[in-house]
Amino acid sequence: MKFQSTRDAAAAKLSAAQVIKQGLAKDGGLFVPENIPTLTKADIEALCAMDYPARAATVLGKFLTDYTAEELLADCKAAYAPTSFVGGAAPLHKLNDTMHIMELWHGPTAAFKDMALQIMPRLLSRALVKTGEERTALILVATSGDTGKAALEGYKDIDRIKMMVFYPVDGVSTVQKLQMQTQTGSNVNVTAIKGNFDDAQTGVKKIFSDTDVAKELDKQGYFLSSANSINWGRLAPQIVYYVSAYCDLLSSGEIKYGDMINVTVPTGNFGNIFAAYLAKLMGLPIDRLVCASNKNNILTDFLKTGTYDRNRDFYLTMSPSMDILISSNLERLLYFVAGPEKTAEYMKSLAQTGAYTVDDDTRKAIANHFCGYFADEAATTATIRDTMDQYGYLIDTHTAVAVSAAAQYVNETGDKKPMVVASTASPYKFASDVYTSLYNEAPTSPLAALDELSEKTGVEITYPLRGIGERTVRFTNVVEAADMQNAMLAYLAE
């Protein structure tokens with residue numbers, strides 16, 4: 001299996017190890033597989049008998065063909081060990097007759113990013129060996145809250161790797177900020193920027209595309225790589241949990257093989273839902289992909305109109321990991337439905353004008369798979385409260401956006417197929433907003449909210465978040481978005 005850029009089909013095709021090491025294509029595009037492997041009935045039946053690590057190794061093996069089956073299984077067993085995923089990897093919780101909540105937050109940082117970022121460092125370490133790389137990898141990450149902490153936890157104290165995370169100083173929750181500021185590890189740095197997530201993401205992409213920066217880093221014995229979902233090594237593991245959910249529904253008798261399911265994903269950067277699309281292309285019986293957005297509903301508008309326009313108001317919401325106006329992984333979808341030439345044109349227009357409009361055929365092709373709904377702050381609040389009142393089930397602000405969108409889809413279409421809803425974070429990562437949504441009053445403080453929410457609901461605090469307020473703060477640096485490159489060089493000079 002080789003991989004190519006979304007913007008140039010004629011460019012050199014690279015191995016999985018090469019694209020995991022490199023992160024971003026040299027032309028600024030994202031890497032995609034040159035073909036999509038298939039999942040047969042026999043494959044899925046075999047996967048049903050496996051545990052999650054074996055399922056992950058099997059699915060990843062269809063894409064990462066320069067990794068051996070033994071390597072992948074060893075890495076998956078280590079990544080998804082019960083000690084790291086207390087409560088299991090991607091278990092399903094049946095909410096009602098049709099809706100199944102896929103809990104992706106049982107890992108060491110209580111967010112779905114762990115599902116990829118516990119395995120990705122292992123894949124990168126092997127990639128350095130496979131490609132004969134002698135330099136140290138410098139991982140740059142822009143985060144809207146969850147990716148940063150999950151990446152820090154996954155890469156801390158890994159040999160030949162350094163990591164720097166940028167986050168918007170006022171664009172993450174109190175718990176998310178503390179998780180990053182208190183991160184341990186001798187090879188990590190966390191820096192806040194004055195701006196929003198899009199500013200951070202744009203700054204990271206600018207550093208990646210600067211050849212002078214690459215030359216300077218090379219002199220110092222470094223090369224750049226990424227842990228964001230722009231990196232194929234981050235995206236590929238996300239395919240697995242949709243396959244696993246289908247297997248679990250089969251094993252529990254909720255469906256029989258061939259029955260179609262729907263999937264709802266709360267997303268800002270479009271990576272998680274694009275992984276579900278890839279699972280569908282592989283042959284997993286998925287019908288509709290429901291894209292759930294918060295008040296920053298740029299994806300909802302795009303799916304309805306075919307116009308992507310980031311020239312709009314940006315909102316800070318109670319679901320901050322979705323406060324995004326540049327959905328990077330949408331580029332991969334455009335590649336698959338419109339081809340590299342049109343994708344390059346759309347991305348050029350986005351960079352120059354902040355907007356693009358796809359042609360009608362492309363819009364219709366996307367609509368064959370995707371539909372979009374959004375939940376504003378009032379709807380998110382109501383969904384948190386209603387889900388607790390009706391089902392005794394506590395959800396976070398991002399999962400609430402997804403549950404609301406799924407309900408809107410069912411109400412509008414009458415579609416009663418089983419719906420798998422991706423639950424992307426523990427409610428305790430956003431305890432203050434969850435508490436306020438439930439009780440219509442603020443907790444004593446954002447940190448006190450964890451204990452107060454647990455006391456009132458009887459739901460135990462997710463294990464990685466217990467005692468977070470007592471940890472030592474290490475990282476307090478705040479810089480202008482324009483100074484991100486200087487901050488990176490200063491970190492390397494320490």
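This is a predicted model: local features need pLDDT of at least 70, side-chain atom pairs count only at pLDDT 80 or more; totals for chains, interfaces and linings use all residues.
Trainee: What makes the span of H15 close to the expected one?
Mentor: Helix H15, residues 340-353, has 14 residues and reaches 20 Å from its first C-alpha to its last. At 1.5 Å a residue, 20 Å is expected, so the span is close to that value.

Trainee: Which residues of H15 are called buried, and why?
Mentor: They are Thr343, Tyr346, Met347 and Leu350. Buried means under 20% relative accessible area, so these residues fall under that cut-off.

Trainee: What covers the buried residues of H15?
Mentor: The cover includes strands E11 (307-309) and E12 (355-357), together with helices H14 (330-338) and H16 (360-367).

Trainee: Where does H15 meet a pocket?
Mentor: H15 supplies at least two residues of the lining of the second largest pocket, as do H9 and H14. Among the residues nearest the centre of this pocket are Met347 and Leu350, both of them buried residues of H15. The pocket holds about 540 Å³ of space, and H9 gives the most to its lining, with six residues.

Trainee: Which helix gives the most to the lining of the largest pocket?
Mentor: H10 does, with five residues; the volume of that pocket is about 750 Å³.

Conventions:
Residues are numbered from 1 along each chain as its sequence is written. Side-chain values use heavy atoms; hydrogens and water are left out. Helices (H or I, at least four residues) and strands (E, at least two) are DSSP runs, numbered from the N terminus. Buried means under 20% relative accessible area, exposed over 50%, partly exposed in between (1.4 Å probe, protein chains only). Contact means heavy atoms within 4.5 Å. On a 1 Å grid over the protein atoms alone, a cavity is a set of points where a 1.4 Å probe fits but cannot get out, and a pocket is an open set with protein on both sides within 12 Å along at least five of seven lines; lining residues have an atom within 4 Å of a point. Grid points are joined across faces, edges and corners, and a volume is the space filled by probe spheres set on the points.
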